[in-house]
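My entries follow in the order in which I looked.

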Amino acid sequence: MAKWGEGDPRWIVEERADATNVNNWHWTERDATNWSSEKLKSLLLGLSVESEEGSCEVTEVSKVEGEASINNRKGKLIFFYEWNLKATWTGKSKSGVKYKGTIEVPNLSDENDMEDLDISVSLNKDEPETALMSLMKTKGAEKIRIALGSYVGFLKTEFTQGMILPTANGVAKPQSTSQSKAKQDKTQISSSSCTATPVNTGVKIPTCKFSIKDKFRTSPADLYRVFVNQEMVQAFTHSSATVDGEKGGKFRLLEGNVFGEFTELVPDEKIVMKWRYNNWPSEHYATITLTFLDRCSETELKVECRGVPDSQEEQTKEGWKRYYFEAIKQTFGYGARLF
């Protein structure tokens, strides 16, 4: 039976290869600097936060210095990136007073975890003190951390689309644009151990229910957004996904391994969804309820699962822990201890 994400392709691009090809593997590299510069600007520009004191927005990205590249070594992709960023934020109090300040991120690098990212927020020298500084240093900095985490996800997915697929005997031909799109649009996932489509058994199957929970170092509102925002889902799954974050909206992720529908949405508090794994019996869905509980500086997420096939209990538990909990923490820097 296929495991979550099993069979996901590893892509390479043949832009620069060594003269020697040890064991039939090309050593290749692709420059991602220009693409990354534009992506970083688009992710930061326009980010905004609000509170009772007023609102703040990133209005200019003035410096994007650094480089990014992808190397393939013996069929494995290695991502290198190092950036020094500077942006301008503009705030407006409820009384209409405007403020300006600076955001600096000197160490966005593959060597640093997102939670270790230095995000420095300051007011311009001629500006008076304002409570909006606290807003930008907390909620503003967290949104910036999320945006930069999604950059890393896009670097590993969006930028690598259409690259050359490595094989055991060398390197295959590049996929055409139409072939690549067709692969993304497929609703079934191929893997080394399972390529079958869901089978309609025509009989009831034994099911179980269980719950798991975890804590994340972020607010309920930000954690809620991770599950209903398509770009953020693509970032933490490191693959293409479709997510319509409305009641009745459909979702499909992990290369088609997981899909379903949102049946109830209470912003920042609860998500209820019909959820299934691709090779479960046809039309059989579990009911998954996510409850977001504010625990001061952390959010406790409780996941209740009902209607999971008995034979899939452990796989489903481990899948949620690995491909949701751990992936979200690693991508957005929300790490906290599992309990």
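This is a predicted model: local features need pLDDT of at least 70, side-chain atom pairs count only at pLDDT 80 or more; totals for chains, interfaces and linings use all residues.

Residues are numbered from 1 along each chain as its sequence is written, and side-chain values use heavy atoms, with hydrogens and water left out.

I then looked for the partner of Glu 142, and it is Arg 145, joined to it by a salt bridge with the closest N and O atoms 3.9 Å apart (a side-chain nitrogen of Lys or Arg within 4 Å of a carboxyl oxygen of Asp or Glu). Arg 145 also counts as buried, because its relative accessibility is 14%. Both residues lie in helix α2 (residues 132-157), three residues apart, about one turn of the helix (helices are DSSP runs of H or I with at least four residues, strands runs of E with at least two, numbered from the N terminus).

I next noted that the structure holds eight salt bridges. One of them joins Glu 264 to Lys 270, with the closest N and O atoms 3.4 Å apart. Here Glu 264 is partly exposed at 32%, and Lys 270 is partly exposed at 27%.

My last entry concerns Glu 314, which forms a salt bridge with Lys 317 at 3.9 Å between the closest N and O atoms. Glu 313, Glu 314 and Lys 317 are linked in a network of salt bridges.

Key: Buried means under 20% relative accessible area, exposed over 50%, partly exposed in between (1.4 Å probe, protein chains only).
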